[in-house]
Amino acid sequence: NILFKMYLRQRNKPPDFRLLVFSVILSVLLSEVRTDTLFKDTVVISKRTLSSSDSPYLVEGDVIVEPEGQLVIESGVTLKFSPGVGITVRGVLTADGEADNKIVFTSAGDAFKQENRTIRLVDGPTVQQGIIQVLEMGKWRSVCTNSRNWTQSDLQVACRQLGFTGGDWHHWYEHLNDTQQILFQDPGCLGHERSIENCDLRKRKMGSGVCDHHPNLGIRCLPFHNTENRAVKNHWRGIKFESAPFSKRLTAENTLYVSYSKSVLRHVEVINAGQGRYKN
């Protein structure tokens with residue numbers, strides 16, 4: 001508005017003066033439009049530094065840091081990755097941010113919010129396996145099946161609802177957490193349903209009392225997102241380390257060698273990662 005009023009005041013001035021004023025206004029407007037710096041390096045074979053003055057960076061293709069390469073990222077730098085794109089580190093990645101000026105790895109596009117879930121996995125070794133729990137009457141309850149186990153179709157629907165693919169029985173877990181159990185025998189899924197709630201509910205859960213002394217059902221999904229999972233539509237692949245260099249140091253009063261990575265990730269935020277190709 002201020003620039004527009006300035007231009008109006010110069011309408012009665014000579015043409016050359018008006019042109020000069022218009023050029024100044026245009027240059028100011030263009031300086032306020034910030035564009036992302038395109039990071040074009042697909043292979044890093046020497047030391048490459050990403051400075052905060054050129055941030056944010058847009059990464060449109062996979063980046064490989066070769067064994068002889070080093071990618072250095074300064075504090076305050078933001079890298080935005082296209083869907084499915086990521087960094088593979090075979091050399092050294094130095095991302096040493098500060099507590100009040102962090103380095104951010106995120107997606108270039110807006111990420112969708114995950115739908116409200118009514119099932120989840122807990123107490124497992126990875127995010128895609130563990131005890132299956134269902135949300136019943138506002139409380140999370142671990143599932144027991146008594147003598148009627150879930151079929152392959154039931155497990156596949158559960159993994160689809162969680163946003164993954166696959167679906168297998170993993171383990172019978174002892175009930176060690178503080179949640180209540182609930183009997184959920186044979187959901188009766190055919191395999192095409194999007195959630196357990198869409199299966200044959202006539203065979204549903206019966207209650208918690210009959211779960212006494214029965215273990216919890218543990219399932220395992222494949223570590224790949226389901227294509228119907230809109231929540232990861234614009235997610236990038238993430239950072240993968242492949243035989244990256246390390247050093248060994250003596251510890252425990254010089255009696256034990258411990259491996260330390262030569263890469264550094266400190267005060268770094270990784271947002272909207274976990275979708276893309278398993279291999280480059």
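Predicted model: local features only at pLDDT ≥ 70, side-chain atom pairs only at ≥ 80, totals over all residues.
The chain has 280 residues, and buried residues make up 38% of them. Its secondary structure comprises three helices and 21 strands. Contacts between residues at least 6 apart in sequence were examined by separation. Of these, 65% join residues at least 24 apart. The accessible surface amounts to about 16,800 Å². Carbon and sulfur atoms contribute 52% of that surface.

Phe-81 lies opposite Ser-107 of strand 10.

Strands of a sheet may pair in either sense, parallel or antiparallel, through backbone hydrogen bonds. The antiparallel case is seen in strand 11 (residues 119–126) and strand 12 (residues 129–136). Five bridges join this pair. The two strands form a hairpin, with two residues between them. Thr-126 has Gln-129 of strand 12 as its bridge partner.

The model holds two disulfides. One joins Cys-159 to Cys-221, with an S to S distance of 2.0 Å. The torsion about this S-S bond is about -90°, so the disulfide is left-handed. The link spans distant parts of the chain, with its cysteines 62 residues apart. Cys-159 belongs to helix 3 (residues 152–162), whereas Cys-221 sits in strand 16 (residues 216–225). The bond therefore ties a helix to a strand, and Cys-159 at its helical end is buried, with a relative accessible area of 0%. Cys-221 has a relative accessible area of 3% and is buried because this value falls under 20%.

The other disulfide joins Cys-189 to Cys-199. Its S to S distance is 1.9 Å. The torsion about the S-S bond is 95°, and the link is right-handed. Cys-189 and Cys-199 are 10 residues apart. Both lie in the loop between strand 15 (180–183) and strand 16. Cys-189 is buried, as is Cys-199.

Ser-263 was examined in its local setting. This residue occupies the loop between strand 19 (256–261) and strand 20 (264–266). Its relative accessibility is 13%, so Ser-263 counts as buried under the 20% cut-off. The side chain of Ser-263 reaches the backbone nitrogen of Leu-93 at 3.0 Å. Leu-93 is also among the residues that Ser-263 touches, when residues up to four places away in sequence are not counted.

How values were computed: Residues numbered from 1 in each chain as written. Heavy atoms only, no water. Helix = DSSP H or I, 4+ residues; strand = E, 2+ residues; numbered from the N terminus. Buried < 20%, exposed > 50% of the residue type's maximum accessible area, 1.4 Å probe, protein only. Contact = heavy atoms within 4.5 Å. Areas by Shrake-Rupley, 256 points an atom, 1.4 Å probe, with all protein chains shown as cover. Disulfide = S-S within 2.5 Å. Pairing = 2+ DSSP bridges. Polar contact = N/O pair within 3.5 Å; in protein donor to acceptor, adjacent residues only side chain to side chain.
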